[in-house]
Amino acid sequence: MAVEIRVPRLGWSMEEGTFLGWLKQEGEAVKSGDVLYELEGEKATQEIESLDVGVLRIPANAPVPGSVVAVGALLGYLVSDGEAIPDTSPTRERGEADTNPTRERGRALHETTNPESRASNPESVTLNPERGGAPALADASGYMDRVIASPRARRVATELGVDWTRLKGSGRNGRVRERDVRAATATDGTRSTFSPRRRVIADRMLASQRQTASVTLTTRADATQLVRLREQFKASKTPTIVPSYADIIAKLAVTVLRQYPHMASRWDGDRLIEPTMTDDLAIGIAVDTDGGLLVPVIPQVSRLSVRQVAERSRELIEKARAGKLSTAEMQGGVFTITNLGAYGIDAFTPIINVPETAILGLGAIRREPVVIERDQIVIRDLITLSLTFDHRVTDGAPAARFLQTIRAAIEDAAVWLLN
Amino acid sequence: MTNNTNSQTKLALYRRMQIIRLTEEELARCHQRGLVLGACHTYVGEEAIAPSVCAHLGPDDPVFSTHRGHGHALAKGAHPRELMAELFGRETGLSRGRGGSMHLFSPEIGMMGTSGIVGPCILQACGGGYSSKLMQTGRVAVAFFGDGASNNGAFHEGLNMAAIWKLPVLFICENNQFATEIPFAYASGNPSVGNRGSAYGIPGFELDGNDALTIHRVAGEAVARARAGDGPTLIECKTYRTRAHAEGMGDFGYRTREDVDAWKLRCPIARLRQQLIADGSATEVELDAIDAEVKSLVEESRRFAEGSAWPSANDATRHVYCEQPSPPRSPIRNVIPAPSSETREITYTQATHEALSEEMAKNPRIFVMGEGIGVRGGNFKTTAGLFDIYGPVRLCDTPICERGFVGLACGAAMTGTRPVIDFMFADFVMDSVGEIVNQIAKMQYMSSGRLKMPVLLRGCIGIGHSAATHHSGSYYAMYGQVPGLRVVVPSNPFDAKGLLKRALNCDDPVLFLEHRELLTVKGTVPTEEYEIEFGKASVVRTGRDVTVVALARMVQQTLSVCEELERDGISVEVVDPRTVLPLDVETILKSVAKTGRLLIVDEPPASCGFAGEIAAQVAAHGFNDLDAPIYRLNGAFAPTPYSPPLEGAVVPSPQAIAKTIRELMEE
């Protein structure tokens with residue numbers, strides 16, 4: 001019995017990915033656990049392992065490397081020796097709904113713009129078959145419930161590297177036209193590379209802005225201890241990795257989150273899930289890569305030493321920059337840290353990494369004069385903290401208390417780390 | 001004529017008849033063997049007629065024949081091996097494999113073709129006669145046709161035209177008493193064909209069609225009369241085909257075996273043989289020798305035909321048009337000039353009139369035929385003043401018989417002259433569509449390129465001024481379906497003049513359709529002579545946003561709304577293909593590549609039309625350039641009504657064009 005190889009869903013929002021190519025040859029024997037092919041999902045490329053045993057058979061009309069494939073699309077088969085490929089179209093989606101409200105709506109709209117009376121009315125256009133026949137076409141192929149684009153728009157989209165399937169069309173019935181494609185590119189008309197990954201980032205950012213009631217609080221913290229701590233690591237005679245500020249603050253944040261578990265809540269559909277005391281808290285670290293923003297997740301931060309956190313984060317950052325992060329390595333976070341300090345930014349308004357509740361932005365650490373007791377002026381290392389939280393989950397005062405505690409933890413880092 | 005010459009002529013006649021008989025019998029055998037691929041209509045029993053007539057003809061005297069034409073071809077001098085090879089579908093056949101039994105061509109010897117359609121040969125022979133009269137060559141044209149054709153309109157129109165113009169034509173009716181299987185006695189109120197001559201004011205004869213010597217004498221007198229300028233003769237030869245209508249068909253559903261056997265006893269060859277022996281022209285031995293020689297000639301011919309090569313499939317679309325067209329007589333100039341000291345503003349009619357009169361002055365083979373184009377100068381002043389210069393033969397007023405004079409034009413073009421048929425209205429030509437589609441368009445192809453067909457068919461098209469439905473049709477899409485035609489539809493004086501001059505130097509048949517509502521439109525025309533190539537579209541207005549393809553009046557209607565649309569930010573490019581056949585798809589594609597949008601504005605109804613053709617071409621070859629569906633704006637699917645509110649409602653108006661362009665921009 002042939003086993004179908006279909007495109008898996010690699011993330012919560014993945015609808016399609018890019019099939020990068022087979023890692024097994026047509027006709028090659030495949031064992032369970034062998035890597036079969038590479039798939040680029042939402043944010044990363046993944047080598048997909050086979051769960052089954054058999055001989056790989058790739059139908060002639062299977063997706064070619066580089067093509068965008070829908071989740072569930074058939075890529076090939078694992079068959080037993082001598083077995084033929086079943087007679088099924090490989091690109092056909094399974095279980096495509098036959099009735100669909102969008103389609104019905106689209107059809108009604110179509111009919112109103114195309115009244116029968118046109119044929120006998122000389123003042124009107126004698127319509128071409130494509131337009132006149134569209135409603136029937138809609139039934140046959142699901143024409144109306146997907147994005148439609150003119151042939152020219154598709155051609156120009158290919159030339160400019162634009163993904164027209166994500167555009168909103170300005171033509172009749174939402175048809176994407178050339179102008180929509182050009183409008184989607186840079187205004188100066190230069191080439192745009194709106195990659196699938198960029199598209200995922202765009203979708204998620206937009207989803208976050210739309211779904212959350214985000215509020216950003218900023219405060220400044222004395223990071224002198226933090227700076228000193230790092231210098232100690234640097235100066236250490238024991239060969240060791242030097243943790244970044246984000247690594248140290250991740251470790252501190254986990255401790256603080258234990259006190260404010262609602263700040264580590266995650267949305268799961270309509271439910272909000274708050275971690276229990278025994279749950280491991282995973283912290284996401286935002287990483288800037290050539291392909292765009294990625295957020296690898298460091299699991300079990302509370303069980304790791306600062307050095308281990310640093311090692312783990314460095315490893316994940318390297319994978320992220322090499323495009324080798326697995327989807328699993330980007331899942332399960334309860335809180336995210338994003339650092340723009342290296343670019344001289346102080347305060348900003350980070351966007352919550354849904355389905356999380358809050359994100360902490362780190363600004364630049366600057367040496368500044370500070371007035372302390374008895375009007376004394378001293379030089380201190382100051383950092384600006386920007387906390388964005390979801391006001392649906394918690395209110396301003398508790399969030400402010402959380403941020404205040406973070407600040408305290410940073411200012412007294414050594415004690416907090418050792419506790 | 002001495003006795004000696006007379007004997008030689010009789011022996012030659014005998015030999016020719018025997019060639020026909022033995023060739024036909026061999027073809028019947030070959031049909032049974034499957035060597036003859038299509039129909040095979042034999043001449044067995046009728047052999048006395050064609051050789052007796054053709055004995056008086058030279059190779060330049062044209063013969064036009066019918067579906068039962070093997071005997072005519074052989075009588076005119078075709079070699080049996082070429083006839084057999086044609087029926088076997090071979091490259092060496094009379095028509096190089098394009099014709100078969102019913103389309104035999106050998107113009108080199110004056111065999112101008114057999115035809116699968118009954119009647120046209122009568123009209124074509126009139127055309128052959130007209131060429132002779134115009135060029136004063138002294139040639140005599142002959143039409144062979146059956147009794148069936150004598151009850152066809154072509155007979156009436158052809159004999160009348162030949163009579164009024166005293167054309168040098170012999171009309172030879174081979175009355176074998178059955179039109180396929182319909183008895184002549186049933187189909188004709190007048191049991192004689194020969195006596196119909198008097199109805200047309202021409203000599204008519206009713207002869208025993210199996211009596212070679214009598215036919216030979218009467219035909220000789222008729223040919224002499226024709227050469228002397230005394231006009232046509234009708235000769236009915238009563239005969240009988242003693243084989244079935246076509247090989248393989250049953251023969252006794254409509255006639256009896258006894259009748260056939262009785263007619264076999266009246267064999268024309270046996271009869272001539274007896275006469276030759278009786279009058280001492282030949283001995284049995286001499287005639288036997290001829291029989292034996294012919295027998296071996298036919299056998300050799302069959303072997304030749306059987307051994308001949310098949311034509312190459314690669315050549316299947318060759319000879320649709322002339323492969324070696326005559327060069328233009330004036331410089332080619334395809335682009336409408338800007339007004340300058342070297343141009344003038346003249347009307348569309350003035351432009352075509354200039355073209356015609358300039359070319360008539362250069363080419364004595366051009367003659368014009370039509371109703372009222374002589375002294376009257378044409379209903380639309382198309383020939384004004386030319387009658388005074390060129391006289392009644394080159395400016396020939398016709399009876400109202402469109403089929404007749406279009407069929408005549410076909411024969412005239414086949415025999416070396418250049419007829420210009422002035423229809424007045426394109427609707428009128430519907431009576432002659434068979435002559436255009438079946439004959440004129442296909443002649444070059446059927447003859448494998450050995451005939452040229454320089455026929456210009458011009459007339460008015462288009463809706464306007466309450467002309468109503470018999471004076472308003474366009475029909476170019478219909479002609480656009482016919483391989484072999486050129487279809488020209490000019491929209492302005494410059495195009496009209498240049499394209500008409502091209503048409504008058506083109507060796508292919510041209511339909512030149514002039515929109516009546518444009519005849520008084522003025523435009524810039526160079527003072528110098530020029531021609532415009534066919535198949536070169538004109539970009540009459542450049543634009544950015546939408547391409548409109550239109551012909552004739554629809555070009556002007558579209559141009560009238562372009563400024564208004566431009567003010568609203570819609571930049572329209574207007575492409576006028578100028579010719580429907582050949583169609584310049586490339587220029588249209590280039591324009592659509594720029595604009596991404598296409599509207600075709602077309603006056604006649606949409607179904608199976610010109611706009612649909614362009615839409616299909618662009619969808620196929622410019623798909624990736626399209627930013628919107630292709631639109632067509634056509635006239636309503638109705639005949640043209642009279643009353644202005646009704647008339648206005650069936651034709652695309654400028655308002656409708658503007659509205660459609662706006663809708664297209666919203667797609």
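Reader: What share of the contacts in chain B with a separation of 6 or more is between residues 24 or more positions apart?

Author: Contact here means heavy atoms within 4.5 Å. This is a predicted model, in which local features need pLDDT of at least 70 and side-chain atom pairs count only at pLDDT 80 or more, while totals for chains, interfaces and linings use all residues; side-chain values use heavy atoms, with hydrogens and water left out. Residues are numbered from 1 along each chain as its sequence is written, and chains are lettered from A and ligands numbered from 1 in the order in which they are written. For chain B, with a separation of 6 or more, the share from residues 24 or more positions apart is 81%.

Reader: Which radius of gyration does chain B have, and why does it agree with a compact globule?

Author: The radius is taken over C-alpha atoms, and the globule rule is 2.2 Å times the number of residues to the power 0.38. The C-alpha atoms of chain B fill a box of roughly 95 × 55 × 45 Å along the principal axes. Because a compact globule of 667 residues would have a value near 26 Å, chain B agrees with its 28 Å.

Reader: How many of the 667 residues in chain B are buried, as a percentage?

Author: Buried means under 20% relative accessible area, exposed over 50%, and partly exposed in between, with a 1.4 Å probe and protein chains only. By that cut-off, the buried part of chain B is 62%.

Reader: How many helices and strands are there in chain B?

Author: Both are DSSP runs numbered from the N terminus: helices are H or I with at least four residues, strands are E with at least two. Chain B has 24 helices and 21 strands.

Reader: What distance separates the end C-alpha atoms of helix α7 of chain A?

Author: The expected span of a helix is 1.5 Å times one less than its number of residues. Helix α7 of chain A covers residues 224-235, so its 12 residues should span 16 Å, and this agrees with the end-to-end distance of 16 Å.

Reader: Which elements of chain A do the buried residues of α7(A) pack against?

Author: The buried residues in α7(A) are T224(A), L226(A), V227(A), L229(A) and R230(A). Their packing partners in chain A are β9 (214-222), α8 (245-259), β17 (358-372), β18 (376-390), α10 (396-411) and α11 (413-418).

Reader: Is M263(A) buried or exposed?

Author: M263(A) sits in the loop between α8 and β10 (266-268) of chain A. Leaving aside neighbours within four places in sequence, M263(A) has contacts that include L257(A), V334(A), F335(A), L387(A) and F402(A). Its relative accessibility is 0%, so M263(A) counts as buried.

Reader: What are the contacts of E28(A), leaving aside its neighbours within four places in sequence?

Author: E28(A) is in the loop between β2 (16-22) and β3 (29-30) of chain A, and at 30% relative accessibility it counts as partly exposed. The C-alpha atoms of E28(A) and V55(A), 27 residues apart along the chain, are separated by 5.5 Å. With those neighbours set aside, E28(A) contacts G54(A), V55(A) and L56(A).

Reader: Which residues is R302(B) in contact with, leaving aside its neighbours within four places in sequence?

Author: R302(B) belongs to helix α12 (residues 284-307) of chain B. R302(B) is buried, because its relative accessible area is 16%. Beyond those neighbours, R302(B) contacts E26(B), C30(B), R33(B), M84(B) and F88(B).

Reader: How far apart in space are C562(B) and A658(B), C-alpha to C-alpha?

Author: C562(B) is in helix α20 (residues 552-567) of chain B and counts as buried at 0% relative accessibility. Leaving aside neighbours within four places in sequence, C562(B) contacts R541(B), V572(B) and V574(B). A658(B) is 96 residues from C562(B) in sequence, and their C-alpha distance is 8.0 Å.

Reader: What is omega for the peptide bond that joins L581(B) and P582(B)?

Author: Most peptide bonds are trans. P582(B) lies in the loop between β19 (579-581) and α21 (585-595) of chain B. The bond from L581(B) to P582(B) is cis, with omega about -5 degrees.

Reader: What is phi of M424(B)?

Author: Most residues other than glycine have a negative phi. M424(B) lies in strand β11 (residues 418-425) of chain B and is buried, with a relative accessible area of 13%. M424(B) is not a glycine, yet its phi is positive, at about 75 degrees.
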